[in-house]
Amino acid sequence: MMRRLPSILAFACFLLAAFAGAAESPKSKVAPKSQRPLPPGVTVLRDLPYSESGHERQKLDLYLPANAKNAPLVVWIHGGGWQNGSKDRSPALMLLSHGYAVASINYRLSSHAQFPAQIEDCKAAIRWLRAHARQHGYDPDRIAAWGSSAGGHLVALLGVTGEVKDFDRGENPGVSSRVQAVVNFYGPSELLTMDAQSGANSKMKHNAPDSPEAKLLGGPIQEHKEKAQRASPLHYISPDDAPMLIVHGDSDPLVPVKQSEVFFAALKKAGVDASLYIVKTGGHGGFNDPEVDRQVTGFLNRVLKAPAR
């Protein structure tokens with residue numbers, strides 16, 4: 001045991017140095033070990049409840065950059081097939097060095113509640129963040145949502161349901177849940193067509209009774225077509241939807257790239273400001289393409305930081 005003590009102390013010192021630049025509230029938890037170091041002066045507020053229901057998943061983390069008064073806010077929504085995942089280790093933290101505030105949220109999983117609980121939680125979090133914007137110093141009129149996979153599906157829903165009140169439940173009912181921009185990483189857009197669009201490299205049967213989509217809806221999606229359509233962003237598109245950047249790998253074995261291609265075409269047809277970046281030989285995330293980060297920052301800077309006209 002004594003021989004291990006120096007290595008344990010060295011590791012502890014490493015963790016302290018890695019996160020020395022971030023100032024956390026007294027109630028904050030220690031940052032996840034695998035999270036990238038934060039820029040100096042970032043204030044971190046962890047596990048803030050955005051709902052009074054008391055569910056353990058209805059919490060968010062807030063990252064506030066130094067010297068960025070009235071900064072735009074980017075809200076990260078994690079993936080995990082609606083059945084797992086966490087607000088920890090958000091890739092959106094890279095935006096702190098670009099002058100953005102960042103929030104990362106948890107939401108009820110399919111093991112806790114069926115759809116639409118997940119989008120209801122996302123909208124509740126947006127309303128809470130907007131209602132508390134002045135308190136924390138970011139701009140309530142410049143809020144973007146970024147998510148991947150199941151999180152991409154949820155941010156896409158946020159982007160196309162800004163005026164759909166069916167999903168607004170809970171606190172801050174007079175506050176808008178509309179977002180001003182969406183970054184959708186390989187999110188499903190039409191649940192009923194996923195199997196039909198899957199290629200030879202597909203690793204999932206979406207119509208199966210134990211698929212993530214079936215768990216989300218409470219049964220096989222082809223037997224719950226009305227529910228599946230209600231959960232599909234493709235069916236809500238209108239000309240006033242939020243600008244959207246879609247990123248998808250052309251070899252994704254879980255969510256067919258056709259999901260994004262069809263969704264993008266429908267957004268453009270409706271007159272929505274939409275962009276689609278296809279990652280060559282890209283799978284289900286883990287992209288080894290530096291252009292992806294450039295696409296994200298360029299899109300958000302254009303939409304959220306453009307000079308007022």
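Colleague: How many salt bridges does the rule give here?

Modeller: A salt bridge is a side-chain nitrogen of Lys or Arg within 4 Å of a carboxyl oxygen of Asp or Glu. By this rule the count comes to 11. This is a predicted model, in which local features need pLDDT of at least 70 and side-chain atom pairs count only at pLDDT 80 or more, while totals for chains, interfaces and linings use all residues. Residues are numbered from 1 along each chain as its sequence is written, and side-chain values use heavy atoms, with hydrogens and water left out.

Colleague: Which parts does the pair R127 and D168 tie together?

Modeller: Elements come first: helices (H or I, at least four residues) and strands (E, at least two) are DSSP runs, numbered from the N terminus. The side chains of R127 and D168 meet at 2.7 Å, N to O. R127 belongs to helix α2 and D168 to the loop between α4 and β7 (181–185), so the bridge ties together parts 41 residues apart in sequence.

Colleague: Are these two residues buried or exposed?

Modeller: Buried means under 20% relative accessible area, exposed over 50%, and partly exposed in between (1.4 Å probe, protein chains only). R127 has 1% relative accessibility and therefore counts as buried; D168, at 18%, is buried as well.

Colleague: How should I read the nonpolar core, and which residues touch the most other members?

Modeller: In soluble globular proteins, nonpolar side chains tend to be buried together. A nonpolar core is a set of buried Ala, Val, Leu, Ile, Met, Phe, Trp, Tyr and Cys residues joined through side-chain atoms within 4.5 Å. The largest one holds 55 residues, of which L60, L62, L73, V75, I77 and L129 touch the most other members. A second, separate core of 29 residues includes V42, M94, Y277 and V279.

Colleague: What does V75 touch?

Modeller: Contact means heavy atoms within 4.5 Å. Leaving aside residues up to four places away in sequence, V75 touches several residues, among them A103, I105, L129 and W146.
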